[in-house]
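Subject: Handing over a structure, with notes on what was found

Dear colleague,

I am passing on the structure below, and after it you will find a short account of what came out of looking through it. Please read the notes with the sequence and the structure open beside them.

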Amino acid sequence: MLALVSDVSRSGITMTMVLLLGQRRPEAARFSLLLSIPNTAAAGFLGVMDLVGMQDAALRLDR
């Protein structure tokens, strides 16, 4: 995704929008954390695949 405004984080935008929608700060932080979990998990999985030496094994279509 292309950043429209430099130096603006996804978590910052998420928290700002949740606060503007009327939620309290703890709910905004929790929602922002929950949205970051899939990205963090995917990055960790790709890092492990790279360490094991399977960096592009999922992309191979050898039949």
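Is the crossing of H1 and H2 right-handed or left-handed? The crossing of these two helices is right-handed, and the rest of this message sets that answer in its context, with the caution that the model is a predicted one.

To begin with the chain as a whole, the protein has two helices and zero strands. Of its 63 residues, 8% are buried, and its accessible surface amounts to about 5800 Å², with 64% of that area belonging to carbon and sulfur atoms.

Now to the pair of helices. Two packed helices are described by the angle between their axes and by the distance between those axes. Here helix H1 covers residues 10-20 and helix H2 covers residues 25-52; their axes come within 9 Å and cross at roughly 140°, and H1 and H2 are therefore oblique to each other. The cut-off matters in this step, because an angle has to be over 145 degrees to count as roughly antiparallel.

The residues that meet are Arg10, Ser11, Thr14, Met15, Val18 and Leu19 on the side of H1, and Arg25, Ala28, Ala29, Phe31, Ser32, Leu35 and Asn39 on the side of H2. Sorted by class, this contact holds seven nonpolar, four polar and two charged residues.

When its neighbours within four places in sequence are left aside, arginine 25 is in contact with Met15 and Leu19, and the C-alpha atoms of arginine 25 and methionine 15, which are 10 residues apart in sequence, lie 7.7 Å apart in space.

Proline 26, likewise placed in helix H2, counts as partly exposed because its relative accessibility is 47%. Between proline 26 and methionine 15 there are 9.6 Å from C-alpha to C-alpha, for a separation of 11 residues along the chain.

Note on methods
Residues are numbered from 1 along each chain as its sequence is written. This is a predicted model: local features need pLDDT of at least 70, side-chain atom pairs count only at pLDDT 80 or more; totals for chains, interfaces and linings use all residues. Side-chain values use heavy atoms; hydrogens and water are left out. Helices (H or I, at least four residues) and strands (E, at least two) are DSSP runs, numbered from the N terminus. Buried means under 20% relative accessible area, exposed over 50%, partly exposed in between (1.4 Å probe, protein chains only). Accessible areas come from the Shrake-Rupley method with a 1.4 Å probe; for residues, only the protein chains shown count as cover. Axes are lines fitted to C-alpha atoms, for helices over the stretch in contact, and angles run from 0 to 180 degrees between N-to-C directions. Angles under 35 degrees count as roughly parallel, over 145 as roughly antiparallel, 65 to 115 as roughly perpendicular and the rest as oblique. A crossing is left-handed if the near helix is turned anticlockwise from the far one by less than a right angle, and right-handed if clockwise. Contact means heavy atoms within 4.5 Å. Ala, Val, Leu, Ile, Met, Phe, Trp, Tyr, Cys and Pro count as nonpolar, Asp, Glu, Lys and Arg as charged, and the others, Gly among them, as polar.
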